[in-house]
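These exercises ask you to work through one protein structure a step at a time.

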There are 2 protein chains.
Amino acid sequence: MFRKLQRIAIRQFHRNAPNLLDRNPIVRTPIVDKIDPRTKAVEGGPEPSYENVVSGYSISTHRETLTMLHGGVLPEFKIAYESWGELNEDKSNVILLHTGLSGSSHAKSHSKNLHPGWWEKFIGPGLALDTDKFHIICTNVIGGCYGSTGPSSVDPLAKNGERYGTRFPIVTVFDMVRAQFKMLDAMGIQKLHASVGSSMGGMQSIAAAAMFPERVGRLIAISAAARSHPVSIAMRFAQRQVLMADPNWANGFYYNSSPPHLGMKLARTIATITYRSGPEWEERFGRVRANPEEEPSFVPDFLIETYLNHQGEKFCYTYDANSLIYISKAMDMFDMSHPIPTKDAVLGSQEESPNCSKASALEKLQKGMSTIKMPTLILGVQSDILFPVWQQKEIADCLRSGGNERVTYYELDTIYGHDTFLIDTVNVGGAVKGHLEMDY
Amino acid sequence: MFRKLQRIAIRQFHRNAPNLLDRNPIVRTPIVDKIDPRTKAVEGGPEPSYENVVSGYSISTHRETLTMLHGGVLPEFKIAYESWGELNEDKSNVILLHTGLSGSSHAKSHSKNLHPGWWEKFIGPGLALDTDKFHIICTNVIGGCYGSTGPSSVDPLAKNGERYGTRFPIVTVFDMVRAQFKMLDAMGIQKLHASVGSSMGGMQSIAAAAMFPERVGRLIAISAAARSHPVSIAMRFAQRQVLMADPNWANGFYYNSSPPHLGMKLARTIATITYRSGPEWEERFGRVRANPEEEPSFVPDFLIETYLNHQGEKFCYTYDANSLIYISKAMDMFDMSHPIPTKDAVLGSQEESPNCSKASALEKLQKGMSTIKMPTLILGVQSDILFPVWQQKEIADCLRSGGNERVTYYELDTIYGHDTFLIDTVNVGGAVKGHLEMDY
């Protein structure tokens with residue numbers, strides 16, 4: 001009311017003496033590069049639990065070269081892993097759990113790391129991954145930053161103890177899987193009961209089943225894709241560009257100076273938009289403003305803006321910028337079209353798909369996955385904009401038309417978008433448990 | 001083949017002498033802040049025509065204050081406009097055409113500006129907006145940068161000829177419309193045959209019909225919204241953050257130094273993702289790589305990446321950064337919920353909606369649009385992710401339940417997403433022509 005009267009007064013005044021008008025104040029603008037890891041979380045929705053995991057995992061060290069699909073070489077490599085449930089005598093009860101982009105090996109809390117893991121409620125006695133029955137192993141991927149060899153690891157060939165930075169070779173999902181199976185070799189695990197993964201973990205899971213069909217008993221891929229489509233590539237491209245535009249990124253050699261926190265924050269802001277769905281945000285944030293008593297300005301204003309800001313700020317401290325770039329690129333490049341690499345990538349480099357018809361593209365995809373004949377569960381979420389449900393159907397259709405008669409395909413109607421696999425213990429958990437424990 | 005043999009050789013060699021291994025080369029990274037306005041356009045799809053319009057328009061100058069809804073004041077203001085077709089004697093054949101965010105008054109070529117306009121094929125004799133029948137006026141909005149008063153205009157109250165920058169007051173869609181009607185007043189145009197607009201132009205069109213119901217004969221809103229939803233806000237928030245993070249933005253006072261071209265490029269990269277659709281990009285780009293003979297790296301690699309890069313680079317030179325921030329914020333704030341401002345914004349400030357139930361929110365929306373009783377055409381596109389089709393239905397439903405018996409609502413199945421209104425002369429054009437020329 002006071003404001004209204006004030007405005008009327010100002011207006012009257014200006015009518016009489018417009019030249020005495022005060023200049024408008026400067027609109028409030030955000031300090032975009034302010035990074036405050038303690039920003040208060042926006043309440044009201046389930047958020048996945050991601051931590052900067054620096055301990056509590058085991059390391060499988062491989063003193064052998066790993067030649068990557070696109071040419072670079074790791075002279076040696078380490079894989080960080082955690083496990084739950086007892087390994088049985090003939091080592092036949094192993095489930096290999098693959099992570100998405102931001103996930104570490106810490107899927108579930110245990111005595112060495114009490115923080116809740118990213119699949120905390122899916123793993124345990126009687127749960128979806130039943131630790132009374134199975135020995136679950138989760139690894140951090142090659143290229144990651146949670147203990148496995150990645151761009152932030154020391155380059156053993158550098159003289160001064162320098163980290164790899166962008167000397168780390170381009171890594172593919174196939175390389176990640178080959179490294180995991182070298183770890184299984186070292187552990188004497190010949191055959192998995194199942195390969196399980198969501199998002200990029202689902203890509204790994206599919207690749208594992210196709211490359212090592214005799215070593216994968218059952219396949220589960222949730223909210224994944226048999227090949228990335230242009231919209232997903234576009235969304236990840238925008239994130240990488242924003243990150244690489246931060247001068248602190250310094251072409252990937254920032255380990256002895258300030259890391260590109262601002263670029264990471266902005267990249268994660270974009271990513272967060274792709275992880276959830278319109279219906280969830282309608283319900284959770286609507287058009288509610290964070291500080292309704294303030295006039296609008298350019299600082300985070302609507303609740304959805306403060307939420308995105310917070311998600312961005314949080315991520316800076318838990319993830320390595322170069323890992324984000326390498327792994328997001330690996331997701332873009334993922335394509336199960338024939339010919340896929342065999343166990344030995346050096347002898348089976350993937351050809352580039354020429355611009356071909358839709359039918360022949362599908363045929364190549366079917367052929368690339370033709371070794372996947374084990375029982376398979378494909379889960380998709382109708383509100384997922386990053387890995388849309390038609391991509392799940394594409395996987396299931398290709399497998400079925402390729403002759404796999406034990407393909408289960410479910411579409412979920414949850415509102416949590418791509419993040420559903422982290423949240424929905426009921427719908428996701430039930431399907432997973434059923435598939436792992438059913439007698440086929 | 002050579003590469004394969006080379007890799008095998010390298011590998012053999014390393015097995016024998018791993019310590020003599022060469023370090024991996026640095027992966028190629030993009031020069032993200034390279035801005036080359038001459039980057040070759042990616043062929044294969046229809047692109048809207050946006051130019052940096054600096055001449056060929058007329059100016060309506062208003063030497064009176066314009067007090068904005070959220071408090072700031074323009075001591076005087078100018079509106080740039082262009083027109084096509086002859087004004088009839090009683091000035092009853094006027095169509096006011098409203099623009100989207102990036103649009104200028106240059107909707108159609110004419111003798112003073114021969115460049116094709118953004119609705120080139122929709123305006124002309126016998127076309128959707130028939131210049132044999134109607135006098136079409138298109139304005140550049142207040143806050144824009146194509147001739148109307150905006151953040152890049154000189155602040156008349158500054159002593160040193162400084163531009164407004166972020167001293168420009170927060171502008172709303174309602175302010176844009178009030179300014180347009182002051183222009184119509186000055187032109188002696190009492191009643192419009194129709195108010196027509198797409199995207200933010202559709203928001204203006206709806207606002208005009210609600211604020212000035214006795215002056216708007218027919219309403220057309222295409223791919224618009226009665227209120228922005230959190231996903232659209234999120235997508236625009238990300239763009240603004242990325243832009244404001246560019247140090248060259250300098251809190252909006254960059255007019256005497258280097259403009260934030262990099263921020264603009266990155267913002268437009270994100271925006272472009274929201275303007276099109278998955279199906280179009282599947283068809284147009286698929287997974288084709290720009291330079292298949294090169295090994296993957298972090299430079300724009302897939303065709304979709306080079307396309308986004310090009311769209312971003314092009315935009316830097318045609319649009320003002322502050323206008324992007326102000327107008328994108330105006331879109332976020334747009335809400336037709338009761339109470340909407342009356343003709344005189346000073347006396348009718350919009351209250352903030354508290355967090356209320358869905359039913360009561362819809363009721364407020366219906367009430368806010370209750371003056372819209374003229375024949376109305378609402379068009380939506382099923383593949384639009386920025387203004388999803390449910391938002392079009394929301395407009396139509398609210399108008400119908402509010403008692404408007406002449407609401408036409410069409411959903412289009414084109415693959416062009418939000419950009420459909422710029423491209424699809426057949427489906428959009430036909431509906432528009434029918435609505436404008438039918439005897440109600």
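**Exercise 1.** Is S105(A) buried or exposed, and why?

*Solution.* Begin with the conventions: this is a predicted model, in which local features need pLDDT of at least 70 and side-chain atom pairs count only at pLDDT 80 or more, while totals for chains, interfaces and linings use all residues. Residues are numbered from 1 along each chain as its sequence is written, chains are lettered from A and ligands numbered from 1 in the order in which they are written, and side-chain values use heavy atoms, with hydrogens and water left out.

Next, compare the value with the cut-offs: buried means under 20% relative accessible area, exposed over 50%, and partly exposed in between (1.4 Å probe, protein chains only). S105(A) is buried because its relative accessibility is 0%.

Now place the residue: S105(A) sits in the loop between β5 (94–98) and β6 (123–124) of chain A, where strands (E, at least two residues) and helices (H or I, at least four) are DSSP runs numbered from the N terminus.

Finally, look at its surroundings, taking contact as heavy atoms within 4.5 Å. Not counting residues up to four places away in sequence, S105(A) touches several residues, among them Y57(A), E82(A), W84(A) and C138(A).

**Exercise 2.** Which strands of chain B does β4(B) pair with, and in what sense?

*Solution.* Two strands pair if DSSP finds at least two bridges between them. Strand β1 (residues 58–62) of chain B runs antiparallel to β4(B) and is joined to it by five bridges; within this pairing, H62(B) stands opposite F77(B). Strand β8 (residues 135–139) of chain B also pairs with β4(B) in the antiparallel sense, over four bridges, and here C138(B) is the bridge partner of E82(B). As for burial, six of the eight residues of β4(B) (residues 77–84) are buried.

**Exercise 3.** Which residues does UniProt list for "active site"?

*Solution.* The unreviewed UniProt entry lists S199(A), D384(A) and H418(A). Although these residues are spread over 220 residues of sequence, they cluster in space, with a largest C-alpha distance of 10.8 Å. Such positions are given in the numbering used here, feature names are shortened, and annotations may be inferred rather than shown by experiment.

Then take two of them in turn. D384(A) lies in the loop between β11 (376–381) and α10 (389–401) of chain A, and it counts as buried because its relative accessibility is 3%. H418(A) is in the loop between β12 (407–412) and α11 (420–423) of chain A; leaving aside neighbours within four places in sequence, its contacts include S199(A) and D384(A).
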